[in-house]
Amino acid sequence: MSSAELAIETTALGKTFGRQAAVDGLALAVPRGSVFGFLGPNGSGKTTTIRMLLGLSSATSGEIRVLGQQIPDAAAQVLPRVGALVEGPAFYPFLSGRENLRRFDTANRHAPSRSRSARVEAALDRVGLAQAAGKKAHAYSLGMKQRLGLANALLMPRDLLVLDEPTNGLDPQGTREVRSLIRSLASDGTTVFLSSHLLAEVEQVCTHVAVMSTGRLVAQGSLDELRAQGTERVAVRTPDVGDARRVLASLGLTPDLARDDLVSAELPAGVPPEAVTAALVRADVRVRGLAVVGETLEDRFVALTGEGFDVAE
Amino acid sequence: MSQSETAPRSLGFALLGSELRVLFRRRRTWAMLAALAAIPVLIAVAVRLSDSPDAPGDGPTFLSDITQNGLFVGLTALVFSVPLFLPLTVGVVAGDTIAGEASLGTLRYLLVAPSGRVRLLLVKYAGAAAFCLAATLTLVLVGAAIGAVLFPIGPVTLISGDTIGVGGYALRATLFVAYVSISLLGLSAIGLFISTLTTVPVGAMAATIVLSAVSQILELLPQLSAVHPWLFSHYWLGFADLLRTPIDFTVFGQNALLQLGYIAVFGTLAYGRFSTKDILS
């Protein structure tokens, strides 16, 4: 894919804090117009990467191009076209929601002051905060702050949205609204770069996914590609466990240790499940049931990032 | 392509306007200005209530002059506030500039807006300078008002022996405000620099205020007389020359030059620190 078609491109991007590499050798390729899920457990380097993409912190090594231009050198030209929600929303607690948005809008020199009021109201409306816009931000709930943060990202028409955990703190209804908001933005042609540690969130809206684990990229591609990388398993329920194992082995499968009446094995790409059924029947194995268990994206995610509950170091 | 790309770049004064609005809408700012306003009121009321006749050498000279002329209340309040109260409030505002935004997390949103780091630094400094002016104005205006209420108002006898009318005094008062505001710009620049070093605004405020005290203490040590002209507080109380005819602007100019030096040095340090700083808050 050529650089012109990429909204975000990093080459060998690295960030070291002291002696600890928070991000290491990252090569992201986010196609224009995609909804790109940036997955990884807490502490895997997602937010550090986003900070570098937005020019908030400098890379220790490697290069970043956003919307075709170098970051941080061209940040002043690029950032007006980028809406961002970074590591949670943040506001002046003593200002109202509306005044907070006006404040951030004045910081953007490309945002015309003539249309400021109209744009602020439209953004508030879009995230469902029109009623609460006059309330002081300190009185906002976490979900309302999250919405206000999204409104801030939508103050101007953007070519790229970088949203770091956008549904954090939202109720199920709010999560659904954000999801449909992302879809409608994407259908307008905006590239959405969405970071999350929740796979379910990403799976429902994203066209592309990258998975981070301890500062490194462990998978990247379209959602279908990533799913296809996952393997299927065949599980056979039978009283003749020994015979079934022999048949599966003869097909080139490696059956795992059988339980009383169940034997299962990974299904290689070249062996269709019906071939397994036919072989079993030919060998007079009494088959009570045969199931193909596809690996879910979640299994894949866990396989890539490790199962541990511990925050990555 | 996108609308944002073709939008004309404004000069960016909107951010300055927003900065001033946010600064002067904060309750903290008003509380500090109210505390400053209380100083001339307390001085005037205390002098009015005390029956003791003016004893020469008893307290600052201006204090006894107040009873003859209410116009001196503002000036007396300035003399009282310059060593402590003004640096205290200026330290709070200047120390909060960058560190306050960092601790709220709003700094990252201003920078990705994008405000531009240099522009944000300039706007923040302009806000702190505006507060210096507002604080000084508060002292002088409230002082004039309470003085007019409690004491007679009349022609003022200057140090040089001449007498000027109320109009002439208004000009001098304007010069006092300018002098004291300019005096505080160096400290503001120091506060701005310290503010870029931390994400804890209280730390930056305290450090700035402590430095203003250190500078004034060094001024008291005769052994360090060689460095005295270089201390940012050196000319803080040097506005007496403005009470002569003709007005002697020598100290005014020296003070302005010294403060400019501090702005240049600490402005550069703040720029050097902030332009490459990783924003991790």
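Helices (H or I, at least four residues) and strands (E, at least two) are DSSP runs, numbered from the N terminus. This is a predicted model, in which local features need pLDDT of at least 70, side-chain atom pairs count only at pLDDT 80 or more, and totals for chains, interfaces and linings use all residues. Residues are numbered from 1 along each chain as its sequence is written, while chains are lettered from A and ligands numbered from 1 in the order in which they are written. Chain A carries 11 helices and 14 strands.

**Chain A overall**

- The C-alpha atoms of chain A fill a box of roughly 80 × 45 × 35 Å along the principal axes.
- Chain A has 313 residues, and 46% of them count as buried. Buried means 20 or more other C-beta atoms within 10 Å of the residue's own, exposed means 12 or fewer, and partly exposed lies in between, with C-beta atoms placed from the backbone.
- Of the contacts in chain A with a separation of 6 or more, 69% are between residues 24 or more positions apart. A contact requires C-beta atoms, placed from the backbone, within 7 Å.

**Nonpolar cores**

- The largest nonpolar core has 154 residues. Such a core is a set of buried Ala, Val, Leu, Ile, Met, Phe, Trp, Tyr and Cys residues joined through C-beta atoms within 7 Å.
- Val162(A), Val192(A), Phe193(A), Leu194(A) and Phe176(B) have the most contacts inside this core. Helix H8 (residues 117-150) of chain B supplies its largest share, 14 residues.
- Beyond its neighbours within four places in sequence, Val162(A) touches Ile50(A), Leu53(A), Leu54(A), Val82(A), Ala84(A) and Phe193(A).
- A second, separate core has 12 residues, among them Ala244(A), Leu248(A), Val276(A) and Leu280(A).

**Interface of chains A and B**

- In this interface, 29 residues of chain A are in contact with 31 residues of chain B.
- On the chain A side, helix H2 (75-78) and helix H3 (97-107) are the elements that give two or more residues. H3(A) gives the most, with four residues.
- That side divides into 18 nonpolar, seven polar and four charged residues. Here Ala, Val, Leu, Ile, Met, Phe, Trp, Tyr, Cys and Pro count as nonpolar, Asp, Glu, Lys and Arg as charged, and the others, Gly among them, as polar.

**Helix pair in chain B**

- The axes of helix H9 (residues 166-183) and helix H12 (residues 250-274) of chain B come within 9 Å and cross at roughly 30 degrees. H9(B) and H12(B) are therefore roughly parallel, a term for angles under 35 degrees.
- Tyr179(B), Ile182(B) and Ser183(B) in H9(B) meet Phe252(B), Asn255(B), Ala256(B) and Gln259(B) in H12(B). The residues of this contact are four nonpolar, three polar and no charged.

**Backbone exceptions**

- Most residues other than glycine have a negative phi, and most peptide bonds are trans.
- A cis peptide bond joins Ile71(A) and Pro72(A), with omega about 10 degrees. Pro72(A) lies in the loop between strand E6 (69-71) and H2 of chain A.
- The bond from Ala113(B) to Pro114(B) is also cis, with omega near 0 degrees. Pro114(B) sits in the loop between helix H7 (106-112) and H8 of chain B.
- Glu87(A) has a positive phi, near 45 degrees. Glu87(A) is in the loop between strand E7 (82-85) and H3 of chain A, and is buried, with 20 other C-beta atoms within 10 Å.
- Thr214(A) has a positive phi, near 40 degrees. Thr214(A) is in the loop between strand E10 (208-213) and strand E11 (216-222) of chain A. With 18 C-beta neighbours inside 10 Å, Thr214(A) counts as partly exposed.

Definitions and conventions
Axes are lines fitted to C-alpha atoms, for helices over the stretch in contact, and angles run from 0 to 180 degrees between N-to-C directions. Angles under 35 degrees count as roughly parallel, over 145 as roughly antiparallel, 65 to 115 as roughly perpendicular and the rest as oblique. Two residues are in contact if their C-beta atoms, placed from the backbone, lie within 7 Å.
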